[in-house]
Amino acid sequence: MNVQDPALEPDRAIRILRDAPLQSRNTFGVPARATVLAEVDDARALPALLESPEFAGQAPLVLGGGSNMLFVDDPGRPLVALTGRDVRVLADDGDRAIVRADAGVQWHGFVMDTLAGGFAGLENLALIPGTVGAAPIQNIGAYGVEVREFIHAVEAFEPTTGQAMRLTREACGFAYRDSVFKRQPDRFIVTAVEFDLPHRHAPILDYAGLGDELAAKGIERPTPRDVADAVIAIRRRKLPDPAVLGNAGSFFKNPIVPASQADALVADHPTLPAFGAGDPDRRKLSAGWLIDACGWKGHRDGDAGVAASHALVLVNHGNATGRQLFDLARRIADSVQVRFGVALEPEPRMIGTHW
């Protein structure tokens with residue numbers, strides 16, 4: 001039920017929903033309910049909302065596209081969904097532009113709009129589900145590119161102080177699938193992101209068969225849109241569509257281990273992919289390979305399973321609960337730990353429990 005509260009909604013910037021079902025708001029499609037969910041069109045309304053009786057004293061859980069969380073249980077606290085859709089160019093000197101997007105803008109649509117507008121850089125990140133606001137939290141990455149490379153600043157609201165702030169790229173503390181927003185999940189509400197996008201950008205093609213995909217199409221000098229189309233084609237082949245088979249994309253991070261451990265594992269398992277990790281003493285291993293080697297690809301326990309096309313993707317075949325998917329993920333991680341001595345960490349945020 002959509003309950004209108006005149007005290008909170010003078011300009012209809014906020015919509016309050018009570019006992020709100022969340023099954024359609026998370027890409028796993030697992031059932032959960034929120035006692036209170038506020039849809040906020042304008043982030044300037046956040047101070048009044050968070051001072052209201054239903055929110056005061058509680059750190060709200062921010063819900064974007066629901067593509068990077070697993071509801072293991074009901075959230076047990078109020079939810080905020082930022083629904084603003086404003087996108088604008090703040091500056092453009094002909095070589096680079098600063099493009100600002102509200103947190104509620106859908107990520108893939110934003111990527112394609114920037115390409116259509118003559119900007120480059122985000123093409124390798126096409127077809128990643130979720131919203132702009134979630135992108136810096138996870139420092140999303142794919143096909144050799146991380147979003148931090150093109151973030152100029154992140155606008156955020158700090159509930160404990162009631163202050164709006166603007167964090168530079170350096171202040172965001174970005175790391176592999178990590179940021180200050182992820183390390184301190186209840187401190188900030190990301191309200192908008194400013195991107196530093198070039199008009200011309202050397203394509204990044206040396207990752208996960210991207211160059212082969214373009215070569216198969218006979219494209220020798222790919223445009224950013226060509227790269228995006230190739231990424232989209234690969235992702236659609238490899239990853240199930242959440243609208244058809246509930247999932248949150250890659251469930252586990254690629255583990256980063258000491259170089260000595262990686263070298264020993266590769267010596268025993270020559271087909272195990274190992275990559276540089278930005279530190280000569282560390283290596284990044286393929287979590288998908290480790291999981292596949294333990295026999296999990298295509299596994300199914302009731303409606304909780306692992307995608308037949310990609311061992312990194314946990315799927316909901318229809319009626320799995322968040323708890324069932326969580327338990328399956330724990331069993332997968334335990335098996336990798338026992339066989340290879342490597343700890344796996346989940347990418348999605350666990351709601352209602354701890355990993």
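1. Thr114 is in contact with Phe119, Leu122 and Leu197 once its neighbours within four places in sequence are left aside, contact meaning heavy atoms within 4.5 Å. This residue is found in helix 2, where helices (H or I, at least four residues) and strands (E, at least two) are DSSP runs numbered from the N terminus. Thr114 has a relative accessible area of 5% and is therefore buried; buried means under 20% relative accessible area, exposed over 50%, and partly exposed in between, with a 1.4 Å probe and protein chains only.

2. A word on the basis of these remarks: this is a predicted model, in which local features need pLDDT of at least 70 and side-chain atom pairs count only at pLDDT 80 or more, while totals for chains, interfaces and linings use all residues. Residues are numbered from 1 along each chain as its sequence is written, and side-chain values use heavy atoms, with hydrogens and water left out.

3. Helix 9 (residues 322–340) reaches 27 Å from its first C-alpha to its last over 19 residues, close to the 27 Å expected at 1.5 Å a residue. Its buried residues are Gly322, Leu325, Phe326, Leu328, Ala329, Ile332, Ala333, Val336 and Phe340. Why do they fall on the same side of helix 9? They cover an arc of only 165° around the axis, which puts them there, the arc being that of the directions from the helix axis to the C-beta atoms. Just after helix 9, Gly341 takes a positive phi of about 70°.

4. The largest nonpolar core has 46 residues, of which Leu70, Phe71, Phe252 and Ile291 touch the most other members. Helix 9 provides the largest share of this core, eight residues. Apart from it lies another core of 43 residues, among them Ala97, Ala126, Ala156 and Val227. Such a core is a set of buried Ala, Val, Leu, Ile, Met, Phe, Trp, Tyr and Cys residues joined through side-chain atoms within 4.5 Å.

5. Phe71, leaving aside its neighbours within four places in sequence, is in contact with Leu22, Asn26, Val30, Ala32, Leu61, Leu63, Gly322 and Ile351. Phe28 lies in the loop between strand 2 (14–21) and strand 3 (33–40) and, at 1% relative accessibility, counts as buried. Residues up to four places away in sequence aside, Phe28 touches Met69, Leu70, Gly246, Asn247, Ala248, Phe251, Leu314, Val315, Asn316 and Leu325.

6. In helix 7 (residues 259–268) the buried residues are Ala259, Ala262 and Leu265, and they sit on the same side of helix 7 because they cover an arc of only 125° around the axis. These buried residues pack against strand 15 (256–258), strand 17 (282–285) and helix 9, whereas the face turned away from the buried side carries the exposed residues Ser260, Ala267 and Asp268.

7. Ser52 is found in the loop between helix 1 (46–50) and strand 4 (61–62) and is buried, with a relative accessible area of 8%. Its side chain reaches the backbone oxygen of Leu49 at 2.6 Å.

8. On cysteines, a search of the whole structure finds zero disulfides, a disulfide being a pair of cysteine sulfur atoms within 2.5 Å. Cys172 is buried, with a relative accessible area of 0%, while Cys294 counts as partly exposed at 22% relative accessibility.

Notes:
The expected span of a helix is 1.5 Å times one less than its number of residues. A polar contact is a pair of N or O atoms within 3.5 Å; within protein, one must be able to donate a hydrogen and the other to accept it, and residues adjacent in sequence count only if both atoms are side-chain atoms.
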